[in-house]
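Trainee: I would like to learn how to read a protein model. Could you take me through one, feature by feature?

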Amino acid sequence: MTRLASFALAAACAAMSLPAAAQFAKPEDSIKYRQSALFVMSQHFARLGAMANGRAPYDASAAAANAEVVADMAKLPWAGFGAGTEGGKAKPDVWKEDAKFKERQQKLMEETGKLVTAAKAGNLDALKAQFGPTAASCKACHDSFRNQ
């Protein structure tokens, strides 16, 4: 590996290890980031909900694609909740109850992973069975940490 490549790799690793607040130019940028990630996730989750609740025709490939987006997006917003990024729809409890907030994040990521598995099963019953627990994990976090 050349010296330039080694330096580039080291710089990339260092950048990834920075605190979340350091990744955004301004606190407002972090708020926009997390809200945007959650918005995109909600749009794809709503498509799954429409299928699971009979408001849209079931399409196995669309369900799998939407579930994958939901699971990917579920990993992103948390970087936008660093110290000094209070505001938006987030309650102050996000920063006061860090362990509980992280527990809810983890639960959401677990449930969205299960949602992908269910959606890839290719049948509506599997999607319906996992949609509820995934929605409940969203609701639990919103109830505790989001201003309506």
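This is a predicted model: local features need pLDDT of at least 70, side-chain atom pairs count only at pLDDT 80 or more; totals for chains, interfaces and linings use all residues.

Trainee: How do I describe two packed helices?

Mentor: Two packed helices are described by the angle between their axes and the distance between those axes. Here, the axes of α2 and α3 are 9 Å apart, and the packing angle is about 150 degrees. Angles over 145 degrees count as roughly antiparallel, so α2 is roughly antiparallel to α3.

Trainee: Which residues of α2 and α3 make the contact?

Mentor: From α2 come Ala 37, Val 40, Met 41, His 44, Phe 45, Arg 47, Leu 48 and Met 51. From α3 come Ala 62, Ala 63, Asn 66, Ala 67, Val 69, Val 70 and Met 73. By class, the contact of α2 with α3 has twelve nonpolar, two polar and one charged residues.

Trainee: Let me step back. How many helices and strands does the protein have?

Mentor: It has six helices and zero strands. Read from the N terminus, the order of elements is α-α-α-α-α-α.

Trainee: What percentage of the 148 residues of the protein count as buried?

Mentor: The buried share is 32% of the 148 residues. Look at the contacts too. Take those in the protein with a separation of 6 or more: 71% of them join residues 24 or more positions apart.

Trainee: Back to the pairs. At what angle do α3 and α5 pack?

Mentor: The angle between α3 and helix α5 (residues 98-120) is about 165 degrees, and their axes are 8 Å apart. The pair α3 and α5 is therefore roughly antiparallel. The crossing of α3 and α5 is left-handed.

Trainee: Which residues meet in α3 and α5?

Mentor: On the α3 side you find Ala 60, Ala 63, Ala 64, Ala 67, Glu 68, Val 70 and Ala 71. On the α5 side you find Thr 112, Leu 115, Val 116, Ala 119 and Lys 120. The contact of α3 with α5 counts nine nonpolar, one polar and two charged residues.

Trainee: And how do α2 and α6 cross?

Mentor: Helix α2 (residues 27-52) and helix α6 (residues 124-145) have axes that come within 9 Å and cross at roughly 130 degrees. So α2 and α6 are oblique to each other. The crossing of α2 and α6 is left-handed.

Trainee: Which residues of α2 and α6 meet?

Mentor: In α2, they are Phe 45, Leu 48, Gly 49, Met 51 and Ala 52. In α6, they are Leu 124, Leu 127, Lys 128, Phe 131, Thr 134 and Ala 135. The contact of α2 with α6 comprises eight nonpolar, two polar and one charged residues.

Trainee: Now single residues. Is Gly 49 buried or exposed?

Mentor: First place Gly 49 in the chain: this residue sits in helix α2. Buried means under 20% relative accessible area. Gly 49 has 3% relative accessibility, so Gly 49 counts as buried.

Trainee: What is Gly 49 in contact with, leaving aside its neighbours within four places in sequence?

Mentor: Apart from those neighbours, Gly 49 is in contact with Arg 55 and Phe 131. Gly 49 and Lys 128 are 79 residues apart along the chain, with their C-alpha atoms separated by 8.4 Å.

Trainee: Where is Thr 85 found?

Mentor: Thr 85 lies in the loop between α3 (60-73) and α4 (93-96). With 4% relative accessibility, Thr 85 counts as buried. The Thr 85 side chain reaches the backbone oxygen of Gly 80 at 3.4 Å. Leaving aside its neighbours within four places in sequence, Thr 85 has contacts with Pro 27, Ser 30, Ile 31, Arg 34, Gly 80 and Trp 95.

Trainee: What about Lys 26 and Ser 36: where is each found?

Mentor: Lys 26 is in the loop between α1 (3-16) and α2. Its relative accessible area is 44%, so Lys 26 is partly exposed. The C-alpha atoms of Lys 26 and Gly 84 are separated by 9.5 Å, and these residues are 58 residues apart along the chain. Ser 36 belongs to helix α2. At 43% relative accessibility, Ser 36 is partly exposed.

Key:
Residues are numbered from 1 along each chain as its sequence is written. Side-chain values use heavy atoms; hydrogens and water are left out. Axes are lines fitted to C-alpha atoms, for helices over the stretch in contact, and angles run from 0 to 180 degrees between N-to-C directions. Helices (H or I, at least four residues) and strands (E, at least two) are DSSP runs, numbered from the N terminus. Angles under 35 degrees count as roughly parallel, over 145 as roughly antiparallel, 65 to 115 as roughly perpendicular and the rest as oblique. A crossing is left-handed if the near helix is turned anticlockwise from the far one by less than a right angle, and right-handed if clockwise. Contact means heavy atoms within 4.5 Å. Ala, Val, Leu, Ile, Met, Phe, Trp, Tyr, Cys and Pro count as nonpolar, Asp, Glu, Lys and Arg as charged, and the others, Gly among them, as polar. Buried means under 20% relative accessible area, exposed over 50%, partly exposed in between (1.4 Å probe, protein chains only). A polar contact is a pair of N or O atoms within 3.5 Å; within protein, one must be able to donate a hydrogen and the other to accept it, and residues adjacent in sequence count only if both atoms are side-chain atoms.
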